[in-house]
Amino acid sequence: MRPLFSIAAALLLLLLTAGCWDNHELDEYGYVQAVAIDHGEDGLLQLTTLFYNPSSKMGMGEEVKAAQKGINISTSGKTLFEAIRDVPMKFGRKAKWDHMRVILIGEQLARSQNIREILDYFSRDHEPRGTVLPLIAEGRAGDYLKIPPYIEQTVGQQYKKMETNGSLYSAKTTSIPLYELAIHLKSPSRASDIPFIHKSDSGRTATISKIAMVKDSKLVTVLEEKDSEAYLMLTDRYKSGIVEFPCLGAAKAEINDKESVEVISLVSTIVPHIEDDEVTVDIDVRIKAMIGELRCSHLKSAADTRKFESRIAERVEERMAHALSQLQRNQVDVIGIGNRLYRKSPKLWKRLEPSWDELFARSRFRIKVQVEVISTGMNVGTPFGQKED
Amino acid sequence: MRKNPTYRQATSGIPPQPETPSSTSHAEPIPGLLPDSLQRMKEIFAGCGDLEVTAWQYGPKLQQSAFSVYFQTLARSDRRSFLRETLQNLVFHDIGPATEVTVEEVAHFYEHRGASASSAELLATVGEAVRGALDGKVVIFFDGWNKALAYDALHLEQRQPSEAITEPSVQGPHVSTIENLDRNVGVLRSLLKSPNLKFEFITAGEQSNRKIAYGYLSGSVKEETLAEFKRRIADVGQAEILETSYLEEWIEDSSYSPFPQVRYTERPDTAVSALLDGKIIALVNGSPSILICPGIFLEFFVTSEDYYYRTVFSSLIRFLRMFAFIIALMLPSTYIALSTFHSELIPTVLLLAILNTREGIPFPALVEALIMEFFFELLREAGIRLPRPIGSAVSIVGALVIGQAAIQSQIASPVMVIVVALTGIASFALPQYNMAIAIRILRFPLMLLAATFGGLGIMVGFLLIYLHLSQLRSLGQPYLASFGPLDISRLRDTLIVFPRLALLRSPRNRHLRRGGPKGKQRA
């Protein structure tokens with residue numbers, strides 16, 4: 001009986017001394033859904049944290065308003081951690097970062113301050129996930145957390161969905177998790193892209209489209225929607241989306257002068273060549289597409305289809321060239337030409353690196369686009385309601 | 001861990017009584033003189049109000065005397081006129097001048113086993129006579145003969161075999177065992193018509209004289225298991241065995257383990273399949289349950305019905321039961337660990353849903369779980385003992401108290417109710433009640449561990465349970481058999497039930513393939 005007693009006593013001591021120290025009930029925390037970081041007064045960082053407001057449906061007949069499901073707490077500090085630890089002072093509960101969905105960074109802050117410094121806390125602390133999505137916000141980021149969500153529980157969740165599904169289906173923005181951003185930022189070309197969130201004119205709704213270009217951890221420019229699409233095609237991150245192109249020989253005055261195809265698959269390869277410090281880049285894009293809308297084209301023969309395909313290719317090439325010119329003008333190598341050169345020959349890269357910005361701006365691109373229309377959809381290749389022969 | 005027999009006798013509730021008349025006189029011969037034996041019987045059965053002692057005179061001139069002893073509560077009324085029967089038995093035999101029936105002739109007839117219409121038994125000692133009367137026999141003493149005659153006249157109303165209440169089945173035989181040992185053994189013998197089916201009988205308890213039988217299929221049963229069983233059961237005769245489960249403590253290896261090492265059935269078909277599997281079964285008169293040993297962990301997830309269905313379905317059901325086992329054991333502790341230590345592991349949308357229900361509950365998750373489990377156990381215990389008409393009232397009140405009121409008054413969260421209810425249902429899904437009890441017990445330490453150490457605690461708890469299971473033995477056989485030690489050939493009837501043709505080559509039918517250990521000797 002003695003050994004049994006001593007084992008039981010030892011176990012009890014173990015339970016009492018080693019156990020429970022990190023035991024916290026669910027309702028001791030506030031669960032962060034989104035965080036917005038802005039420039040504050042006196043050079044401080046202004047932190048707006050969106051907490052989930054749990055509401056018990058028991059006993060209350062009324063539907064809880066969606067707006068009440070989120071609570072915004074605003075704190076400020078020289079460093080983020082300082083600002084974060086001030087949250088309980090105002091909120092009464094400790095912030096729990098595990099379930100944070102998005103990080104919004106104000107445009108002003110992103111232009112003036114190093115993004116790496118801002119995001120360091122979120123990757124260093126053990127609570128936030130590496131899969132949290134950073135976003136650059138037009139204007140003040142804190143304002144975006146005041147927008148009520150449509151269906152989702154919190155606006156943080158809605159922004160996450162907007163970003164992931166928007167980039168997947170419409171390809172007008174990208175989706176990049178925090179850990180991937182870190183990889184991009186420390187790559188040789190030191191450039192990355194972050195999705196961009198902006199408000200409608202009324203300020204009551206937000207849209208995630210466009211892509212913010214980050215170079216040396218600072219915001220450089222924001223690509224417009226069409227350029228964003230072309231940019232994603234260039235970097236082979238285009239999953240699916242719609243390509244619009246004009247009718248052949250359509251009069252400018254006509255309103256419905258555009259047709260569209262749905263991109264089923266897109267493969268692009270970028271091969272840089274370097275000769276006498278002149279960079280030439282071969283870009284080869286292969287698109288498989290399905291006709292989405294026909295308004296003026298009649299695809300009756302193989303020749304018709306070839307003409308149709310070349311029209312699309314032309315349009316895509318045009319758009320890519322435009323996007324590239326934007327990047328070259330801002331000297332931001334987000335498509336990773338520098339990375340490719342570095343991988344090919346680190347020695348060469350060492351020589352090129354100091355003058356890379358100019359080299360990139362001067363480099364020539366040879367774009368080749370091949371389009372294959374694989375299906376006309378449920379109908380034959382004539383517009384709706386027109387005779388088929 | 002085997003307790004010593006003296007300790008066990010002290011706990012069986014009947015203190016040893018050295019000088020009771022009935023227990024001392026077993027070997028005492030029956031006195032030849034009628035007044036003496038009458039006196040002895042009256043002494044022994046003093047105070048037994050239902051005993052009938054009748055004096056008789058017989059012979060042509062009624063000069064011979066005898067008396068009979070029987071319990072009117074046990075003996076059938078139409079068999080009570082035994083003496084006439086006794087004497088009538090003599091009539092058809094030529095035993096000399098039939099004019100005089102003397103005690104010598106009666107004695108001679110019965111001592112030489114004269115054929116008679118109803119079998120009579122010769123008793124030589126007072127002890128036998130007492131036992132005979134208690135067994136429902138009519139015992140007749142003759143003047144001048146130091147033996148007694150006993151006629152079987154036992155008549156007791158007994159339950160008709162009905163559908164097995166504890167183990168109902170959809171397909172397969174519905175008949176169950178009853179409280180009569182001989183009838184149960186007879187049913188088993190009729191289902192397994194083999195001379196290899198052996199039954200051995202023991203009488204246990206000085207007071208209750210309970211008849212116990214254990215059976216096995218020689219050739220299928222492992223010799224060393226049988227030897228070990230016989231060694232353990234050897235001293236069971238000293239104790240009062242009132243129910244089959246009393247035997248468990250003699251047979252099992254560890255009385256303190258929460259896990260059952262024998263299983264029970266009330267279905268003859270299950271017992272037969274266990275016999276074919278090389279198990280030993282034990283029955284006690286007065287109880288319908290059949291004990292099957294040695295019990296292996298995986299067998300507690302098996303019902304005989306599994307073999308009556310199609311193999312794919314049976315395999316799925318086995319997986320379901322395994323899953324139910326894990327849910328019943330770990331769900332509350334996992335919920336506690338996740339919600340108090342690892343909220344980052346809960347998917348976000350689910351977490352928000354849980355937060356909605358959890359907000360405003362005054363208790364920590366552990367206390368909440370303990371309260372709900374306590375309610376549940378309380379309801380379950382109350383439901384079992386209550387008569388059926390009131391039982392439904394308990395479930396209604398229970399559903400209201402636990403399901404509605406507790407949630408509405410924010411004492412418990414709906415998620416916790418789901419967890420507890422799911423745990424309860426999962427534990428009902430296990431075919432063996434014994435195993436469900438084991439899980440019921442183990443759930444609580446796991447919950448405590450989860451509340452102090454989180455996921456690590458559950459891991460440690462599970463590991464301890466696993467260590468215990470792997471060192472546990474049942475009648476000398478490893479409890480986790482087929483898995484540890486791994487036996488690939490046996491795995492086809494564990495989690496997955498192979499088709500019967502494949503099972504024909506399984507260990508259950510070892511004796512068919514090799515003719516068993518005895519077959520080997522012949523070859």
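This is a predicted model: local features need pLDDT of at least 70, side-chain atom pairs count only at pLDDT 80 or more; totals for chains, interfaces and linings use all residues.
Chain A contains 12 helices and 13 strands, and its C-alpha atoms occupy a box of roughly 95 × 65 × 60 Å along the principal axes. Of the 389 residues in chain A, 37% count as buried. Among the contacts of chain A between residues at least 6 apart in sequence, 69% join residues at least 24 apart. Chain B is built from 20 helices and 12 strands. Its length is 523 residues, of which 34% count as buried. In chain B, residues 24 or more positions apart account for 65% of the contacts with a separation of 6 or more.

The domain assignment divides chain A into domain 1, comprising 26–56 and 65–223, and domain 2, comprising 224–389. The centres of these two domains of chain A, taken over C-alpha atoms, are separated by 31 Å. The contact between them draws on 21 residues from domain 1 of chain A and 24 residues from domain 2 of chain A. On the side of domain 1, two or more residues each are supplied by helix 6 (155–169), strand 7 (191–199), strand 8 (206–215) and strand 9 (218–223) of chain A. Strand 8 of chain A gives the most to this side, with 5 residues. By class, the domain 1 side of the contact consists of 9 nonpolar, 8 polar and 4 charged residues.

The hairpin of strand 8 and strand 9 of chain A has 2 residues between the strands, with D216(A) taking a positive phi near 50°. Because 9 of its 10 residues are buried, strand 8 of chain A is largely enclosed by the rest of the structure.

Further along chain A, 4 strands form an open sheet of mixed pairing in the order 10-11-12-13. Its edges are strand 10 (241–246) and strand 13 (364–375) of chain A, each of which pairs on one side only. Neighbouring strands of the sheet are turned against each other by 40° on average, direction ignored. Strand 10 of chain A runs antiparallel to strand 11 (residues 258–275) of chain A, and 6 bridges join the two. In this pairing, the bridge partner of I242(A) is E262(A) of strand 11 of chain A. Two helices lie across strands of the sheet. Helix 8 (residues 225–234) of chain A lies across strand 10, strand 11 and strand 12 (278–293) of chain A, at about 55° to strand 11 of chain A. Helix 10 (residues 337–344) of chain A lies across strand 11 and strand 12 of chain A, at about 40° to strand 11 of chain A.

Between the chains, 23 residues of chain B are in contact with 21 residues of chain A. The elements of chain B that give two or more residues to this contact are helix 11 (311–340), helix 12 (348–358), helix 14 (388–408) and helix 16 (433–453). Helix 12 of chain B provides the largest share, 8 residues. The chain B side of the contact has 10 nonpolar, 10 polar and 3 charged residues.

Helix 16 of chain B also packs against helix 17 (residues 455–471) of chain B, at an angle of about 145° and with the axes 7 Å apart. The crossing of helix 16 and helix 17 of chain B is right-handed. From helix 16 of chain B, the contact includes L442(B), P445(B), L446(B), L449(B), A450(B), T452(B) and F453(B), which meet L456(B), G457(B), I458(B), V460(B), G461(B) and I465(B) of helix 17 of chain B. The residues of this contact between helix 16 and helix 17 of chain B divide into 10 nonpolar and 3 polar, with no charged residue.

Terms used. Residues are numbered from 1 along each chain as its sequence is written. Chains are lettered from A and ligands numbered from 1 in the order in which they are written. Domain bounds come from an automatic or database domain assignment. Two residues are in contact if their C-beta atoms, placed from the backbone, lie within 7 Å. Ala, Val, Leu, Ile, Met, Phe, Trp, Tyr, Cys and Pro count as nonpolar, Asp, Glu, Lys and Arg as charged, and the others, Gly among them, as polar. A residue is buried if 20 or more other C-beta atoms lie within 10 Å of its own, exposed if 12 or fewer, and partly exposed in between; C-beta atoms are placed from the backbone. Two strands pair if DSSP finds at least two bridges between them. Axes are lines fitted to C-alpha atoms, for helices over the stretch in contact, and angles run from 0 to 180 degrees between N-to-C directions. A crossing is left-handed if the near helix is turned anticlockwise from the far one by less than a right angle, and right-handed if clockwise.
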